[in-house]
Amino acid sequence: MALEVVLPKVDMDMETGVIAAWRVAEGDRVNAGDVLFEMETSKSIMEVESPGSGIIRNLAPVDGAAVAVGTPVAWIDDERADAPRALHATAADASRRADAAPPRAPAAQASAPRAAARTADDPPNVTDEPPPLRATPYARQLARASGVDLASVHGSGPRGRVVAADVVARAPAEHADAADEALVPFSATRRIAAQRLAESVRTAPHFYLTAHVEMTALRAALSERSRDVHRAVGSAPTLTVALAFLAARALMRHPMVNASVQGPAARLHRHADIGIAMDRDGDLVVPVLRNAETRSLAELTADFARLRDGVRAHTLPPAELAGGTFTLSNLGMHGVDAFTAIINPPQSAILAIGRVVDTPVGRDGQIVLRPLATLSLSSDHRIVDGVTAARFMADLRQSIEHPAFE
Amino acid sequence: MSRDAVRAVKARVRPELAALDRATLRTALLRMHLIRRFEEMAEQSYMRGLVHGTMHLSIGQEASAVGAVLPLRRDDYILSTHRGHGHCIAKGADPARMLAEFFGKETGYCRGRGGSMHIADVEGGNLGANGIVAGGLPIAVGVGMSIKAQKQDRVCMVFFGDGAANEGAFHESLNMASIWRLPVVFVCENNQYGMSMDIGQAMAVANVADRAAAYAMPGVTVDGNDLPVVAAASRAAVDRARRGAGPTLLECRTYRIRGHSKSDRNLYRTKEEIERWRAADPIPRLEGELREAGVLGPSDVADIAAEAQRTIEAALAFAQSSPDPDPADLLRDVYAA
Amino acid sequence: MPPDEVAVEAAARELTYAEAIREALAQAMEADPRVFLFGEDVGVYGGAFGVSGDLVHRFGKERVIDTPISELGLAGAAVGAALTGMRPVLEIQFSDFITLAMEQVVNQAAKIRFMFGGKASVPLVVRLPGGSGTGAAAQHSQSLEAWFAHVPGLKVVQPSTPHDVKGLLLAAIDDPNPVLIFEHKLLYKTRGVVPQAAYRVPIGRAVVRRPGRDVTIVAASIMALRAAAAAERLAADGIDAEVIDLRSLRPIDLPTIAASVTRTHRLLIVYEGVKTMGIGAEIAAQVAESEAFDCLDAPIARLGGADSPIPYNPVLERAAVPQEDDIVAAARRLVRQGLA
């Protein structure tokens, strides 16, 4: 019965070794304890002794290959009666070369997740996350339970952290029948809008200019064109669309009012993309009339109708609800005389339009009634100074009171 | 005249051999064969990658282990070293459960949690091999205190190597065993080397037993490869401890044929030295003496060797077919109750 | 009061912390012949801190054993005795000297049961006078309990009152595992009500010393007493502090702490051991991982020992570990400013 000569494991972490040289030759007679071959390990060269006596055969080749521990590398024809029987080697039939499994490679360089690099060429951060909201876990728990929007709570803790007391102060007082009152969670749209508007108020220093603008000429101009436009595009031009037309052109003459804050700089936009604030099932959405300064009244009317219908039907893609450079908000149809709006970040201004009211004004020493609308411009004082805003408003008033739609 | 003495005179055998009856000698030789076969089997398993970690073989030191333990009762205690497979078998451990432990199996003496260096057979009086050099010495002091406090007549035998004799724990332990006259037998298996450092460079005195005087106990040095001599010296020390006369330091000078552990390249000693000690192999030496003295015939010796071989092969089969522990049991037995 | 803690008897009597330990030892040795005390100077000298007192005269030299100065050997002896049927109580004269015995405590006592697959146990107790404030300087003033609370297989307790030290020591002697009991040197002379009976305080159970609403202060040993005193001052200042005395460091009573933080929303951990990598770090992490996390209204704060050895000079010595003033200031800062 042949006795196996195996490549021995000698170190705790050893998995393979290399036969460096045989000290005996095929067919030699060997005795137990004789050195048969030299083995190379990661640490040093080691002599391997014979496990028994007899004739040694089938020596494995010396070719530098890594051999797995336990692999037979030769056989001894055993002649002693009481020699230990060879173990059933698990690798007896395995090839003499270690399998292709590579030694444990050092951990591959983990590629660090690359944060999206912000460069000056990036588009304005209309879709970026707002800065992290600091709030203690307990404050968050209370806010969740009471329906308070953390983003709207002023944090009294360190670094503006919202603490429980801040939330408690904001939460509605508890009524005896509080259980009967409805608690309506924000829709996704509202949640996002709420965050952005709160951020706008927090970060943009708003100031307001008001102008009472005479609408006589504009009304007349619109009614002149109404039938033609309607015939061309299927709907009549509204006051809002007309104002968008005029504001877009005025913005081209006052670029700082058609700009966005980007870091410590103002990005001046090439086009006037006018957002029109609209209500959709109780939520505020702002579809955008793109490149408004190049479009005719008819084109703008058609586009506006399309946007309005798309908003109502919930078919308007999100891309059309974002990215304006200036916003118009008209609450006149709801009977509001005047109001000031919150800038739609990252824009630098927003125009709030009140209702047209016959108002007594002085003309040529007489008191007459004229249709006036109160327009309020909210501007971001980081980009727009008082004079800049005033000049824009003057220009806009002039366009409205002496409109030209060619 | 005792029968032993008569036999001694008749057969011209030395008293140490005559002091051991045939049954005892047969048991001793069987245990030495068991140890040898076991160590070789463990070695083979290791070389084939079947055993995790490393192991410390005592091939060549069988007479020291078996001779020292021979006079002990089953209820006497031993504490052993990282090179403790031989002590464990000498004390009567089941090689199957030992090998199962080396294979990390649930059926091993330590349920796979300890491995070669921590092998223990608590029911059989083996309070464990120890992975820390000199780790067992202070523990032996406590065992001695415990035996005295419970008024038992047991003995605690603690094994250690020449390297341990330079640890602080050695000195503290011998001192306390002596001042309190504890029933402890300190057995130093001096195999001339720590890991790679020879005792001539490591130790200020020539024999470990020279230090016994510093602790006012008997110090005895014997040829650790001569089983009857080891047994005789051990018997004297064990009897002394058992009758309450206190501890003894017994030094068995021996040699380990294999390296310190499996990764030892043997760069610190010469082949000639290893060969010289291989020629002084305690097993053939004892067999020769027993045959000459007419205690055993050649077929007896062959039978013993074959019995040992069978036992070890059965141990291998048992170990290989035993189950592995369940990782869900990882935290079991960290604490009692 | 929890059912397994004995109610105070009608005839309440006071003992010092040291006397309470002595009474526990005496009662344990009377009840169980396997229990014995050994260590340096515990016999006729009566113990370096007067704890063992006259025990040697009552129980004899075989039960109260004076030893040579051999901490490593003694710790191993405790292991060997515990392995073979005894219940040894080893007194290490200053907790700092446990360093000489680390091998036997950490490699042997803590691990033997596990290494032997559950076939053995090591029911030993090591008593360790520790802590600073006596001018004993760097090598005799340490608080090393965190090292051992880090070792699986060991149990670690730190009683703060005479009542608790007696109950915990008796529980430790009963326990089949190795238990380290860290006694603070400055506590030996403190007095408190101690019931006569041989009661146990369960290992692993903390106790609320003072209920409160505004902040949870967790501490052990002498720091628990300082925290309680600080809480009275804070109350006058309008801050209602809940004080929890840990009593055990391994295992730690997380449920009690987490329940408290859920109610108060703020956590301050006070400990004498060096702050960095100490028990406070572990408790803070465990609370942050628990359901109490969502109830935190401020970061978790820790007050611990300075990152230096204990100085000799008394002013520096005081400054190196938390004092009552420090606890008051830290609690105020946490509650009023939300700062750790």
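**First stop: a helix pair in chain B**

Helices here are DSSP runs of H or I with at least four residues, and strands are runs of E with at least two, numbered from the N terminus. The model is predicted: local features need pLDDT of at least 70 and side-chain atom pairs pLDDT 80 or more, while totals for chains, interfaces and linings use all residues. Residues are numbered from 1 along each chain as its sequence is written, with chains lettered from A and ligands numbered from 1 in the order written.

Helix α3 of chain B covers residues 22-47 and helix α4 of chain B residues 62-69; they pack at an angle of about 135 degrees, with axes 9 Å apart (axes are lines fitted to C-alpha atoms over the stretch in contact, and angles run from 0 to 180 degrees between N-to-C directions). α3(B) is therefore oblique to α4(B), the class left after under 35 degrees (roughly parallel), over 145 (roughly antiparallel) and 65 to 115 (roughly perpendicular).

Next, display the contact residues (C-beta atoms, placed from the backbone, within 7 Å): Ala28(B), Arg31(B), Met32(B), Ile35(B) and Arg36(B) on α3(B), facing Glu62(B), Ala63(B), Ala65(B) and Val66(B) on α4(B).

**Second stop: chain C**

Select chain C, which contains 12 helices and 14 strands. Among its contacts between residues at least 6 apart in sequence, 79% join residues at least 24 apart.

Methods:
Two residues are in contact if their C-beta atoms, placed from the backbone, lie within 7 Å.
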